[in-house]
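My entries are below, in the order I made them.

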Amino acid sequence: QAKVVYRMHSQDRKFDTEIPHDLLKVLNTYPNRESGTENIDMPTPTIPPAGAYKQSWTVNWRDIRQDGYLHLAAYFDYLLDFVMGALAELGWSFDREAEAGFAWYVRRHWLEIFTPIQLTDKLCLTSWLSAMKRSTVLRNYTIHNENSGTLLGRAYTLWVCVDPATGRPLRIPERIIQDLTGQIVD
C-alpha cells in the first residue's frame, strides 16, 4: 500500500480543511499535523545533478481552491504528469516498459510545502533520482516560482520496479538506468 506523507510549513489554518483529518489518519502514518511536523520522516534533500530534468509548468484553474491556492492532491497530479513527460522525452512509455518486462509501483510519496501555489504562479519543476538500489529509486522534485526563483515546495516519490505480471520487485533494468544516467545522484 502506497503511503502519502506531507509537511506544511505555513501556520495558516486554512490548510486544515485540505485533507479531512479522518482521511489523513488513513493515508498518513504521521498524522500529528496540529502539534507540529518535526516527527515526519522526510528524505534528506540532495543537490540536483547537471542532467536534472526541468520544465516550466502552468497552474491549471481547475486545481485551485476557492481561496486561490492549489489543492493538495493536485500537487501529486502535477508531479506525476511531470515525471511521465520526463520519461516520454527519453522514449519511455507504459507500452515500452511492458515490452521490456517491467513496470513501476509507487511505494511512498512525500510532499513538503513551503509557500502555497496560486493560479498566477508560473512554476519551474525540477526532478532527479537518488538512493537507487536494486529495485527501488527515489525521485526528487523541487517546485520553484519561475519568476522569483522562490522554493515553493519539495517532493519525493519512492518507486519500485516490478514485474507487471506478478507485482514482485525486479532489478531495475540497465537500459533505463543508462537512459536516466544524467538524472541520477550517487
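**Ground rules.** I am reading a predicted model, where local features need pLDDT of at least 70, side-chain atom pairs count only at pLDDT 80 or more, and totals for chains, interfaces and linings use all residues. Residues are numbered from 1 along each chain as its sequence is written, and side-chain values use heavy atoms, with hydrogens and water left out.

**Cores.** I looked up the nonpolar cores, meaning sets of buried Ala, Val, Leu, Ile, Met, Phe, Trp, Tyr and Cys residues joined through side-chain atoms within 4.5 Å; buried is under 20% relative accessible area (1.4 Å probe, protein chains only). The largest has 36 residues, and L70, Y75, I117, L123 and I143 touch the most other members. Elements giving two or more residues to this core include strand 2 (53-58) and helix 2 (72-89). Helix 2 gives the most, with ten residues. Helices (H or I, at least four residues) and strands (E, at least two) are DSSP runs, numbered from the N terminus. I also noted a second, separate core of five residues, among them M42 and W110.

**Rings.** Rings of Phe, Tyr and Trp (its six-membered ring) pair if their centres lie within 6.5 Å, and planes over 60 degrees apart count as edge-to-face. I got six aromatic pairs. W57 and F82 are edge-to-face, because their centres are 6.2 Å apart and their planes at 85°. W57 is in strand 2 and F82 in helix 2, 25 residues apart. F82 counts as buried, at 0% relative accessibility.

**Charge.** I found R96 over the face of W92, at 3.6 Å from the ring centre; the rule wants CZ of Arg within 6 Å of the ring centre and within 35 degrees of the ring normal.

Key
Buried < 20%, exposed > 50% of the residue type's maximum accessible area, 1.4 Å probe, protein only. Phe/Tyr/Trp six-rings, centres within 6.5 Å; stacked < 30°, edge-to-face > 60°.
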